[in-house]
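Visitor: I would like to learn how to read pockets and ligand contacts. Please go through them with me.

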Amino acid sequence: MKYIIGNWKMNGSRDLAWKLTLDLHQYVAAEGRGDAKMVLCPPFAYLPLMQDFLSRHQSAIGLGAQDCHAQSSGAFTGNISAPMLADIGCGYVILGHSERRQYHAESDAQIALKVKAAQGSGLTAVLCIGETMAERQGAQTNAVLSQQLNGCLSPLPDAAKLIVAYEPVWAIGTGLNANADDIESAHHHIRQELIRHFGPGGGKISVVYGGSVKPSNAKATLATPGVDGVLVGGASLQFADFRDIYAACA
Ligand code: PEP
């Protein structure tokens, strides 16, 4: 299964959510493939209307959020819990995105608790890890990936409800797509780490790539050994771009 996951970040409107969901649903219904799963992760505000549409049309498209709290309820003003996401029909949640780490100071330990909370509510956690440009230039990529995985996978979550997204921070929103050798090498390292943590079950966890994926580089990225899909930011907000990235799975 290849995952094509759209992270809208803090973008969109009610109109865009309607239009994009409708257009993508019609495309996937007509041309969709059993071995490619599209997942849309809009801002919280648009989840209910999109879920309503997708469930009424029995769409093959999955729905996800971009974060959740580690607690299931309580005095946490402004937060949304994993049970709430499950309650409104979400199946996925992105956790540990570098923008959450950077702007909300999220630590690996906090992300680990969110992963457990998400899975406890039946959600699939899309766990993001990746090195900064300085870490890459210091030949620290593998060490950083190992450290983030060690922190985010303790306590050990359920391998069956986990997707790992390799997102080099320097490639996110910059137009700089990592080259195939870098992606293959990082994915290989992540796979070895997953097997070390989970045993043979670690061999089955999907590892997707994210960082300036566009229609022009999607085919090569998706064909890179070890790549089980893509996490797409900017290009997921344009129907034609996201459709073409999905179609590049073929
Ligand atoms: C992301 O935010 O997860 C991402 C990969 O963004 P972009 O595709 O815009 O680089």
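Visitor: What volume does the second largest pocket have?

Guide: On a 1 Å grid over the protein atoms alone, a pocket is an open set of points where a 1.4 Å probe fits, with protein on both sides within 12 Å along at least five of seven lines; lining residues have an atom within 4 Å of a point. Grid points are joined across faces, edges and corners, and a volume is the space filled by probe spheres set on the points. Here the second largest pocket has about 180 Å³. Of its 17 lining residues, G173, S212, V213, G233 and G234 are the closest to its centre.

Guide: A note on the basis: this is a predicted model, where local features need pLDDT of at least 70, side-chain atom pairs count only at pLDDT 80 or more, and totals for chains, interfaces and linings use all residues. Residues are numbered from 1 along each chain as its sequence is written, and side-chain values use heavy atoms, with hydrogens and water left out.

Visitor: Where does the ligand sit?

Guide: A molecule sits in a pocket if more than half of its atoms lie within 2 Å of the pocket's grid points. The ligand sits in the second largest pocket.

Visitor: Which polar backbone atoms lie 2.6 Å and 2.8 Å from ligand oxygen atoms?

Guide: A polar contact is a pair of N or O atoms within 3.5 Å. The 2.6 Å distance belongs to G173, and the 2.8 Å distance to S212.

Visitor: How much space lies in the largest pocket?

Guide: About 440 Å³. Its 16 lining residues include K9, M10, Q66, R100 and H104, the closest to its centre.

How values were computed
Polar contact = N/O pair within 3.5 Å; in protein donor to acceptor, adjacent residues only side chain to side chain.
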